[in-house]
Amino acid sequence: MNTPAYYDQMPSITMTDPLAETLGSAEGGTLQYRYLDAVKLTGHSCPTVAGAWRMTRDALARLYPQGTPRRGEIRVELREQLDDGVAGVIASVVSLVTGAANAGGFKGLAGRFGRKDLLAFGVPMRGDIRLTRLDNGQSVEYTRGGFPVPRSAELTQLLRAAVAPDATEDARRAFAQAWSDWVEQISDPAAAPEWVEVAA
């Protein structure tokens, strides 16, 4: 599987999942998620996916400054409704890592390990998304700002050429490369974050 090199340069996220440990799915319940996992889940890499990945990693570092985040023990709430804009895509990335799920999620074993109803949309808040630890109620909230690297006019032109009914293979390849380069710039740890923490 050939993927852009920057996928491997994106910091991974390590979680402890008590359910995975209980069912023998992973020794010690330790699960490591990589950016490629988010790309496989959504089927693509874009500013939304990359931004959601960076934000999730930052939020977990703030919620668990001295330990490994615990998957399945974090509530995720979004201000937008599920079908608003890219809320669903953002939630998919955050849910992948945290285990938070909506009404269709895992119900649990003997009253433990449930992930059902830990993901909610249309929740009033100052920011756009909030993650909350279930054990101590600590939360962190973020608002989405503009892309740290705006999309260029050239990229827009390449997009039009690539999706045209008579698009050539060269046009499609040119756009794919330019798009990937743009997302790589946004993903650079040195780039300004797309998501900004909302002060308590």
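At 38% relative accessibility, does Arg 79 count as buried, partly exposed or exposed? Arg 79 counts as partly exposed, where buried means under 20% relative accessible area, exposed over 50% and partly exposed in between, with a 1.4 Å probe and protein chains only. This is a predicted model, in which local features need pLDDT of at least 70 and side-chain atom pairs count only at pLDDT 80 or more, while totals for chains, interfaces and linings use all residues. Residues are numbered from 1 along each chain as its sequence is written, and side-chain values use heavy atoms, with hydrogens and water left out.

**Salt bridges between separate parts of the sequence**

- The structure holds 13 salt bridges, each defined as a side-chain nitrogen of Lys or Arg within 4 Å of a carboxyl oxygen of Asp or Glu.
- One of them pairs Arg 71 with Asp 17 at 3.1 Å, N to O.
- Arg 71 lies in the loop between helix 4 (47-63) and strand 3 (74-78), and Asp 17 in the loop between strand 1 (13-16) and helix 2 (18-22), so this pair ties together parts that are 54 residues apart in sequence. Helices (H or I, at least four residues) and strands (E, at least two) are DSSP runs, numbered from the N terminus.
- Both Arg 71 and Asp 17 are buried.
- Asp 128 and Arg 79 form another salt bridge, at 2.4 Å from N to O.
- Because Asp 128 lies in the loop between strand 4 (119-120) and strand 5 (129-133) and Arg 79 in the loop between strand 3 and helix 5 (87-98), the pair ties together parts that are 49 residues apart in sequence.
- Asp 128 is buried, with a relative accessible area of 15%.

- Arg 172 forms a salt bridge with Glu 169, with the closest N and O atoms 3.1 Å apart.
- These two residues both lie in helix 7, three residues apart, about one turn of the helix.
- Arg 172 is partly exposed at 38% relative accessibility, and Glu 169 is partly exposed at 39%.

**Packing of helix 6 and helix 7**

- The axes of helix 6 (residues 153-163) and helix 7 (residues 169-187) come within 8 Å and cross at roughly 140°. Axes are lines fitted to C-alpha atoms, for helices over the stretch in contact, and angles run from 0 to 180 degrees between N-to-C directions.
- The contact (heavy atoms within 4.5 Å) involves residues including Leu 155 and Leu 158 of helix 6 and Phe 175, Trp 179 and Arg 172 of helix 7.
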